[in-house]
Amino acid sequence: GKDWSTVRAVNVDGTRNTLEAAARAGVSHAVHVSSVAVYGQMSGPMDEAGPLDGIIPPDDFYGRSKRLAEEAAAGIHESGRMQVTIVRPSAVYGERDRLFAPDLARLLRLPVVPVMGRGDNCVPVVYAGNVAGGVGSALDGRGAGSAFNLAVDFPLTQRELLEGLARGLGRSPTFVCLPASLVRAVANVADGASFMVPSLRGLSGARVARLVLGENPYTSQRAREWLGWRPSVAHESALRRTG
């Protein structure tokens, strides 16, 4: 919710300053944790092979800053002073999460919980413990100079996400499916009124609707093949722990 200059100072300049200091101190390899937000608005599957040329709206401070931070990290690697590997998680949840899981928990405390569309679409959500495993694999030195999506540990549908966290919370709400067309219409109205999702600052209603209703567009095949990423914690267990 800060102004762009503040976000840039922390996410972009902070990344550059940290990596430059590490290089001067003789560190030989670092892993930069980025985000799938760097892809911007694109259609179709998103892997690491293509350029980052998707449109990022000016008000998406997070996505803009993460893309620029990646450029700073890549510049350090290309300078030859230190090897840098980049990993891009999707939405992360887990124990002690202060953003994503608490918002869902507040929703799941209601007696009736809406499911957007049919709820059988796979969502771009990954467990923090599995992301940590991917970072550990990257720290071993494999794939230096490349970027990897840690965006799909196991397939997880929207309904499985809600039901799994509800069980962890000890809740048994009634789930009601809202037609996808209604969700999109409400999102468009919210955008027209300049309403932004409070805990997802910078994400418009239409963009949130696309993420929630669509299939996970991010692939993690390169992370599995190059890094040997083998997520070990299934969502059922992870959601129970998180709840």
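How many bridges join β1 to strand β2? I found five, and β1 and β2 (residues 83-89) run parallel.

A note on ground rules before I go on. I am reading a predicted model, where local features need pLDDT of at least 70 and side-chain atom pairs count only at pLDDT 80 or more, while totals for chains, interfaces and linings use all residues. Residues are numbered from 1 along each chain as its sequence is written, and side-chain values use heavy atoms, with hydrogens and water left out.

Entry on the sheet. I see an open sheet of three strands in the order β1-β2-β6, with parallel pairing. Its edge strands, β1 (29-33) and β6 (147-150), each pair on one side only. On average, neighbouring strands here are turned by 25° against each other, direction ignored. I also noted V33 standing opposite V87 in β2. For my terms, strands are DSSP runs of E with at least two residues, helices are runs of H or I with at least four, both numbered from the N terminus, and two strands pair if DSSP finds at least two bridges between them.

Entry on the helices over the sheet. Helix α2 (residues 61-78) lies across β1 and β2, at about 155° to β2. Helix α4 (residues 128-139) touches β1, β2 and β6, and its direction makes about 150° with that of β1. Contact means heavy atoms within 4.5 Å; axes are lines fitted to C-alpha atoms, for helices over the stretch in contact, and angles run from 0 to 180 degrees between N-to-C directions.

Entry on a helix pair. I found α3 (residues 100-108) and α5 (residues 158-169) packed at about 80°, with axes 10 Å apart. That makes α3 roughly perpendicular to α5, a label for angles of 65 to 115 degrees. Among the residues that meet are F100 and L104 in α3 and L161 and L165 in α5. The contact of α3 with α5 has 11 nonpolar residues, no polar and no charged; nonpolar covers Ala, Val, Leu, Ile, Met, Phe, Trp, Tyr, Cys and Pro, charged covers Asp, Glu, Lys and Arg, and the others, Gly among them, are polar.

Conventions. Parallel < 35°, antiparallel > 145°, perpendicular 65-115°, else oblique.
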